[in-house]
Structures are given as C-alpha cells and as structure tokens.
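I opened my notebook today to look up a few things in a protein model.

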Amino acid sequence: MKKALVSCPYAWESLSQEKERFEKAGIALIRPEAVTQQLTEDELLRYAPEIAGILCGDDPVNDRVIQSAPKLRVIVKWGVGTDNIDIEAAKKRRIQVTNTPGLFSDDVADVTIAYIVLLFRRLHQIDARVRSGDWHKPIGRSLQGRVLGILGLGNIGRAVAQRAVAMKMVPIGYDPDSKAQEIAKTLGVEIVDPDVLLQKAEILTLHCSLTKQTRHFIDARSLARCRKGAFLVNTSRGGLIEEKALIQALGDGTLAAAALDVFEAEPLAASNALCAHSNVILGSHNASHTLEAIQAVNKAAYELLLNGLSHAA
C-alpha cells in the first residue's frame, strides 16, 4: 500500500472522512502527531523514505527532502504559494507538484481590507485601552479617496481592488503579468510601475508570490521611496519584507503603521522587535482560514492527491 503524508494541520479537518476512499485506492494517509505551523526539515526526513505523496502546508519540501524520498511521486500544496517547495528538484525527479489557487481569494481580501480599516480607525488600540479602563477616543482617518497600491494583481490582489473601489478608494497596482494587468484595468485599477506604486500609495498592500525576484522587495531602499507616513499591509508572504528595514521605518515615521499576517520566521517569537510597536497589528498567518475556505481547499487538495497517486507509476 502506498503512503501519503498529510502534514498540513488544516487538512486534518477532513482526514478521517477521506481515509476510507484512499484506502480503497491502496493509499494509507499518515498524520504527524503534532504540528504547530509546519514540520521541520528533520521531521520531514523521518517520513521521506516511505511516502509516495505529501499534502503539505508551508513545510520545507526542499532538495534534501525530495532526494531522501525515492518513492515520492506527488506533492500537493494546501493553498497557493509554492515557495517552500523546490520545484526544480521535483521536476528532475518527475514529481508532480500542484496547488489549490483561487479558493480563498475573497477570504484573504476581506482580511486585508479589515486590517486597513483597523489601522486607519485605530480600532485595535481603542479596544486595548477600553479594556484597561481608558475611554480612548482617538481621531481616525477616512478611507475615501485614499490611494491604495496593490503589488500583485492575481486573484487576491484583484479581489482587494474590487473592495477598494466599493469603498471609494483609488486603486493603483503593478503585476508583471500582462493578462493580470488587463483584468485589473477592467476593475478600475490604474497600472503603474513599481517605483510609481511606492511613491503614490498611501496604503501599500502585498499580494505577490515569493520568488528570488520578490524576496525583500520591501527593503530599506524601497521604503525610502515610499510616500512618508504610508501604511503597509502584508497578507501574502513574510519574505517579501526585510523585517530589520521595516522596524526602522516604523520607528522613524517613514511608515505610519503596518498590519502583518505573515513573517519571515513563523510562529513569530515574542522577542521579535515588531511586538514592541503599538502601530503594528500582528496576525498568525490566518487570513485565508474561514470554515468555508478550509472545506473547499481540503476537498480540492485531497482530490489532487488521490488523482496524482492513482495515476503515478
């Protein structure tokens, strides 16, 4: 019987109901005993020699792991970003790599807009102060007419743009993909180059994949080009931002505030300097996780895993 590792904790919600049909197909689903966010490389290596497939989250499915898995034929990513998977190493081994795009675009877009509202109206600060007995009434800022810069105009970026237009913000955006640009234009997004995006955006929100080209796109140089006092939101990948430069920008007023659902190292350590900033909202890489989205992604991910292993040699 083939073995498939289900390392993504969110996929465990459907594991018990999927086991029977996988077993009928000659596939045993394996669940690790405990995962906080993802397995470590060493933990993956313990399972690697026996598995023909893996349904992973953000686990480091790197070259070492792939080379240690002689039976591996299928890698299914729960979600969209595949930056944690060594695609080239998988190609060399003719291992199928798939993901589940487009299934939680609206959910991530909703959280992105929620973060923007929280920052502009300082609702998170009000909540904390009222809980401590202080009837805090700060003056917020209106969103109407604000220039929203969207880096990455895929499904999520465009869903954010739709919401921004409905809220009377002014969306501008950049994406190297011409098709994404054309679709975004129909939604009312002005297409600009990255420098103009940084210079004009009063709110900058990140929705692009993490690649060699985009890693640390937000660094000291790009932050210096930003509009002073801009707001930054990241619900994409932590590696898009150089955290040291971000902390500096938050401290010196280059940025007014930030909302971050993702980080370079997850879970975020309590000792991280970002935790000391009251003008930062910290998330737990949870923007996509609604009951409905998890159910939809689980259904698609298990289907990809079953189909892939059923047709694998």
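I began with a term: a contact means heavy atoms within 4.5 Å. This is a predicted model, where local features need pLDDT of at least 70, side-chain atom pairs count only at pLDDT 80 or more, and totals for chains, interfaces and linings use all residues. Residues are numbered from 1 along each chain as its sequence is written, and side-chain values use heavy atoms, with hydrogens and water left out.

**Entry: one residue**

I looked up Glu 243 and found it in helix H11, which covers residues 243-252. Helices here are DSSP runs (H or I) of at least four residues, strands (E) of at least two, numbered from the N terminus. Is Glu 243 buried or exposed? Glu 243 is buried, because its relative accessible area is 15% and buried means under 20% (exposed is over 50%, partly exposed in between; 1.4 Å probe, protein chains only).

Which residues does Glu 243 touch, leaving out those up to four places away in sequence? I noted Phe 263, Glu 264, Asn 272 and Leu 274. I also checked Ala 273: it is 30 residues from Glu 243 in sequence, and their C-alpha atoms are 9.2 Å apart.

**Entry: the whole protein**

I counted 12 helices and 12 strands. Of the 313 residues, 49% count as buried. Among contacts with a separation of 6 or more, 61% join residues 24 or more positions apart. Along the principal axes, the C-alpha atoms fill a box of roughly 65 × 50 × 35 Å.
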